[in-house]
Amino acid sequence: MYSKRQQLVGDLTDLIRSGRLANGERLPGENQLALQYQVSRGTVRSALSELQQLELISTQAGVGSFVSFDGVQLDQRLGWARALADAGAPVTTELLGIEAVEDVALEEEFGERAYVAVRRLRRERERGISLETATVPAVGPLADLPATGLQDGSLTRTLEAAGRISAGGDQWISTERLDACSSELLGRSVGELFLRAERTSVDLEGRLVERVVSLLDPDRFQFHLTFGHR
């Protein structure tokens, strides 16, 4: 029996390959597809990600984004700490805490009630360059993270061990002025302008893997976005 996600992928594939959705024609929006197939927006994004991997569609925003630190491209799939280390950056990571939290927005979007937040601070020498909060569903072994901690100190490995493996998602980039709490942690001035990156990852079933909100030093980090076929 096909899942709703598989039905969505199959229906759109048929529409595209039959020519009923012509080359260059815009697909229905995420909200429309979610309502039509009675699935979450996360499931819709996962289905669209699969169609992109099959080269049946291309998207023009939020896909193919890369982060660089001092001009060196970082692979976010590895996790920030390892990506920075592999890039040769003299950066240290401090785990600020792991705690159970509620997140109404995530609950409405993905339907899971309980979450765990992992907060980390990264410094270059004594100067803070990034502040990150990763929110993951409190399911299975992930519910015990406040007591057990991260596997090998890596959230990516912890998620993989729990069966939550990213297959796609989206990312939003904006700016944010540091409040009193963030500025104190980073050793910066209140009101200083930082990049704000919000990245949501889902697995093949459209379930939430993690939502990561990062505040990044704009003097050190940049974002590059590609789209379509190159």
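Arg-164 forms a salt bridge (a side-chain nitrogen of Lys or Arg within 4 Å of a carboxyl oxygen of Asp or Glu) with Glu-112, the closest N and O atoms being 3.0 Å apart. The pair links distant parts of the chain, 52 residues apart. Arg-164 lies in the loop between helix 7 (155–161) and strand 6 (168–177), and Glu-112 in the loop between helix 5 and strand 4 (115–124). Helices (H or I, at least four residues) and strands (E, at least two) are DSSP runs, numbered from the N terminus. Arg-164 is buried at 6% relative accessibility, and Glu-112 is buried at 16%. Buried means under 20% relative accessible area, exposed over 50%, and partly exposed in between (1.4 Å probe, protein chains only).

This is a predicted model: local features need pLDDT of at least 70, side-chain atom pairs count only at pLDDT 80 or more, and totals for chains, interfaces and linings use all residues. Residues are numbered from 1 along each chain as its sequence is written, and side-chain values use heavy atoms, with hydrogens and water left out.

The whole structure holds 17 salt bridges. Arg-211 pairs with Glu-109 at 3.1 Å between the closest N and O atoms. Arg-211 is in strand 8 and Glu-109 in helix 5 (residues 104–110), 102 residues apart. Arg-211 is buried at 14%, as is Glu-109 at 18%. A salt bridge also joins Arg-157 to Asp-152. Here Arg-157 is partly exposed at 40%, whereas Asp-152 is exposed at 60%.

Among the residues in one network of salt bridges that share partners are Glu-176 and Arg-196.
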